[in-house]
Amino acid sequence: MASVSVYNMDGNEVEKMDLNDSVFAAPVNEHLVHRAVVLQLANKRQGTQKAKTRSEVRGGGRKPWRQKGTGHARQGSIRAPQWKGGGMVFAPVPRDYSFKMNRKEKAAAIKSVLSSKVSENKLIVVDSLDFEAPKTKRMKEVLGNLKADKALVVVDGDASNVILSVRNLTNARGVYSNSISVYDMLKYDNVVITKSAVKAIEEVYA
């Protein structure tokens, strides 16, 4: 069973914690990790790009000159793609880029990233993150004590003050344990997670 150190907000080790091997020591499936990242980025796309084809551009109903005898190449419309102001060939149209992954595939991708973070010593467990009020300066100090300046902070339960404290940091992001994603965990170097959040993740993915 994998074991990690648990730190307090001052960066001091206070205890050891055993992790569930089925979640934090799972086989790493790079293919599913890649699909999960592509899924999240694709689902963020608005897909609202639009350009006009030659059938949609205004004008060009009259043939610009007769078919033969002018010395010019034959033309049927001044709104053909080769003309300035003409339509676009294979113009992009609004579309939906999103696709789906199976629930088990998503779970396997998340467990793969969590396992790789543990093996690389980039999963930092803290006993708790207690903030009486949102304090960005205090959160920056805590991440500095943990030597995790660029970090994804994962919390559980009523931790709105922690989320608000992380929000204004450029190299950090705060999320709840039930909304972690593969893309976010890969984007940030370290994952700073509370003990309660570890337990919550184990209950869902074990």
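## Structural briefing: salt bridges, helix packing and sheet order

Arg138 is partly exposed, with a relative accessible area of 28%. This residue is described here from a predicted model. Its side chain meets that of Glu141 in a salt bridge, at 3.5 Å from N to O, and the structure holds five salt bridges. The model also contains an open sheet of six strands and a packed pair of helices, H2 and H3.

**Salt bridges**

- Side chains of opposite charge can pair when their charged atoms come close.
- Arg138 and Glu141 both belong to helix H4, which spans residues 136–145. The two residues are three positions apart, about one turn of the helix. An α-helix has 3.6 residues a turn, so residues three or four places apart point the same way.
- Lys50 forms a salt bridge with Glu56, with 3.0 Å between the closest N and O atoms. Lys50 is partly exposed at 44% relative accessible area, and Glu56 is partly exposed at 39%.
- Asp184 and Arg173 are joined by a salt bridge of 3.2 Å, N to O. Asp184 lies in helix H6 (residues 182–187) and Arg173 in strand E5 (residues 172–176), so this pair ties together parts that are eleven residues apart in sequence.

**Packing of helices H2 and H3**

- Two packed helices are described by the angle between their axes and the distance between the axes.
- Helix H2 (residues 30–44) packs against helix H3 (residues 103–119) at an angle of about 110°, and their axes are 8 Å apart. H2 and H3 are therefore roughly perpendicular to each other, since angles of 65 to 115 degrees fall in that class.
- On the H2 side, the contact is made by Leu32, Val33, Arg35, Ala36 and Leu39. On the H3 side, it is made by Glu105, Lys106, Ala108, Ala109, Ser112 and Val113.
- The residues of this contact comprise seven nonpolar, one polar and three charged.
- Gln40 is also found in helix H2. At 19% relative accessibility Gln40 counts as buried, because the cut-off for that class is under 20%.
- Leaving aside residues up to four places away in sequence, Gln40 touches Ser181, Val182, Tyr183 and Asp184. Asp184 is the residue that also forms the salt bridge with Arg173.

**The sheet and the helices around it**

- Six strands form the open sheet in the order E2-E1-E3-E6-E4-E5, with mixed pairing. Its edge strands are E2 (13–18) and E5, each of which pairs on one side only. Neighbouring strands are turned by 30° against each other on average, direction ignored.
- Strand E4 (residues 151–155) and strand E6 (residues 190–194) run parallel and are joined by four bridges. Ala151 has Asn190 in E6 as its bridge partner.
- Helix H5 (residues 160–167) lies across E4 and E5, and runs at about 155° to E5.
- Helix H7 (residues 195–205) has as its buried residues Ala197, Val198, Ala200, Ile201, Glu202 and Tyr205. The elements covering these residues include E2, helix H1 (21–24), H3, strand E3 (123–126), E4 and E6.

**Positive phi in loops**

- Phe90 has a positive phi of about 50° although it is not a glycine. Phe90 is placed in the loop between H2 and H3, and counts as exposed at 79% relative accessibility.
- Asn121, also a residue other than glycine, has a positive phi near 60°. Asn121 sits in the loop between H3 and E3, and is exposed with a relative accessible area of 68%.

Key. Residues are numbered from 1 along each chain as its sequence is written. This is a predicted model: local features need pLDDT of at least 70, side-chain atom pairs count only at pLDDT 80 or more; totals for chains, interfaces and linings use all residues. Side-chain values use heavy atoms; hydrogens and water are left out. A salt bridge is a side-chain nitrogen of Lys or Arg within 4 Å of a carboxyl oxygen of Asp or Glu. Buried means under 20% relative accessible area, exposed over 50%, partly exposed in between (1.4 Å probe, protein chains only). Axes are lines fitted to C-alpha atoms, for helices over the stretch in contact, and angles run from 0 to 180 degrees between N-to-C directions. Angles under 35 degrees count as roughly parallel, over 145 as roughly antiparallel, 65 to 115 as roughly perpendicular and the rest as oblique. Contact means heavy atoms within 4.5 Å. Ala, Val, Leu, Ile, Met, Phe, Trp, Tyr, Cys and Pro count as nonpolar, Asp, Glu, Lys and Arg as charged, and the others, Gly among them, as polar. Two strands pair if DSSP finds at least two bridges between them.
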